[in-house]
Amino acid sequence: MNLKFKNKKITGILTILPKRVVTFEEEMGNYNFPEKKSLRLKKIMGYNTHRVAAEGQCSSDFCIHGLEYLFDNGLLRKDEIDALLFVSQSPDYFMPPTSNLIQGHFALKHDMICMDINQGCAGFELGLLQAFMLLDQESVNKVVLMNADVLSPKVSIHDRNSKPLIGDAASITIVEKSDDNEDINVAVKMDGTGAKALMIPAGGFRMPCSPETAIEHEDEAGNLRALDNLVMQGDDVFNFVQREVPPMIHDILERAGLSAGDIDWYMFHQPNKFMLQKLADAIGVPYEKMPSNIVENFGNASGVTVPTCISYNLGEKLEQESYLMCLAGFGVGLTWASIIMRIGNVAFNRIIEY
């Protein structure tokens with residue numbers, strides 16, 4: 001599905017990372033693989049360190065900490081928030097919505113919209129899409145988009161496929177109306193037939209957690225995980241990304257009347273460095289325009305990887321400069337989405353720890 005918007009802008013990005021840093025070598029002994037083989041995987045995939053939430057920390061805790069930072073530093077006022085969007089696969093509860101809990105924590109005004117969106121790898125792009133649609137309304141002038149995931153507790157410590165890459169994080173993106181009439185092009189695609197390629201089988205109403213779902217089983221590759229854990233069919237996901245994402249990017253560039261070289265930055269979701277470099281090759285983009293350094297430094301925090309990539313690689317430069325960016329997320333769902341928009345001269349673009 002192709003969509004187009006005007007008169008919208010991002011005015012601030014804040015990434016919130018856990019203080020706890022875990023190295024690949026610290027966890028390597030948990031895997032049912034020879035050390036030499038694991039170290040080879042580290043080099044190919046770009047694994048190094050990842051950020052992991054402390055025990056008991058939930059997605060909302062990171063969002064609340066980030067909002068407190070913005071309020072305390074005069075970067076956001078409580079009374080100007082018209083919508084609070086929370087995009088996550090790890091809400092605090094089945095009910096109530098986590099966005100309502102965050103609204104209640106700060107005693108924000110009643111005349112606003114709170115919305116939870118269950119999305120993962122493409123969650124930043126889907127969240128921005130929802131923010132753009134809300135801003136088409138006369139009464140909505142400022143949307144606070146919160147992306148957050150704390151998935152590390154759901155990954156088996158014996159799963160070499162997933163444990164080294166999963167990180168926890170949150171981001172807060174401020175989206176507002178703008179007088180700039182420049183087009184924002186959006187593409188969104190879904191394929192639920194492949195939904196089980198990335199999933200946590202147990203824990204919902206279909207299969208509640210039980211002693212049986214906590215029992216670990218060994219897969220063909222030697223990974224140990226339970227039904228309570230995240231399972232990723234790595235080959236299926238890789239093939240899906242390489243098959244579907246390049247055509248989506250070529251198409252959105254064509255619709256925008258742009259060539260690949262016209263884009264200043266390709267800020268993509270980052271499952272691992274290997275996948276990003278293969279994507280860059282397929283699209284025809286130099287590696288320096290598509291940063292792939294998030295997993296090796298912070299881990300894959302699902303939809304938070306794109307704002308983390310922007311904060312980490314551009315930092316304060318984005319407060320002074322403006323860049324034409326292509327954003328893209330792809331994975332769980334299966335969902336893949338991209339946005340071409342100009343981002344810059346923001347009030348803040350920072351990383352803080354919690």
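## Helix α4 and its neighbours

The buried residues of α4 pack against α3 (59-72), β5 (83-87), β6 (113-117) and β7 (142-149). Contact here means heavy atoms within 4.5 Å. Helices (H or I, at least four residues) and strands (E, at least two) are DSSP runs, numbered from the N terminus. This is a predicted model, in which local features need pLDDT of at least 70, side-chain atom pairs count only at pLDDT 80 or more, and totals for chains, interfaces and linings use all residues. Residues are numbered from 1 along each chain as its sequence is written, and side-chain values use heavy atoms, with hydrogens and water left out.

Which residues of α4 are buried? In this helix, residues 98-105, they are T98, S99, I102 and Q103. These four lie on the same side of α4, because they cover an arc of only 145° around the axis. The arc is that of the directions from the helix axis to the C-beta atoms. Buried means under 20% relative accessible area, exposed means over 50%, and partly exposed falls in between (1.4 Å probe, protein chains only). After α4 comes A107. The phi of A107 is positive, near 50°.

## Loops on either side of α4

F94 sits in the loop between β5 and α4. F94 has a relative accessible area of 66%, so it is exposed. Together with M95 and F205, F94 forms a nonpolar patch on the surface. The accessible area of the three is about 490 Å² together. Areas come from the Shrake-Rupley method with a 1.4 Å probe; for residues, only the protein chains shown count as cover. Patches are made of residues with over 30% relative accessible area and no salt bridge; like charges are joined within 9 Å, nonpolar side chains (Val, Leu, Ile, Met, Phe, Trp, Tyr) within 5 Å.

H110 is in the loop between α4 and β6. H110 is exposed, at a relative accessible area of 76%. The C-alpha atoms of H110 and S162 are separated by 41 Å. Along the chain, H110 and S162 are 52 residues apart.

## Salt bridges

How many salt bridges does the whole structure hold? A search finds 17. A salt bridge is a side-chain nitrogen of Lys or Arg within 4 Å of a carboxyl oxygen of Asp or Glu. One of them joins D82 and K109, with the closest N and O atoms 2.9 Å apart. D82 lies in the loop between α3 and β5 and K109 in the loop between α4 and β6, so the pair ties together parts that are 27 residues apart in sequence. D82 is buried, at 11% relative accessibility. K109 is partly exposed, at 28%.

R77 pairs with E80, the closest N and O atoms being 3.6 Å apart. Both belong to a network of salt bridges that also links D79, K142 and E176. Another salt bridge joins E244 and R243, at 3.2 Å between the closest N and O atoms. E244 is partly exposed, at 25% relative accessibility. R243 is partly exposed too, with a relative accessible area of 48%.

## Cysteines

The structure has zero disulfides. A disulfide is a pair of cysteine sulfur atoms within 2.5 Å. C63 is in none; the nearest cysteine sulfur, that of C58, is 11 Å away. C63 is buried, at 0% relative accessibility.

C209 is in no disulfide either. Its nearest cysteine sulfur is that of C58, 15 Å away. At 45% relative accessibility, C209 is partly exposed.
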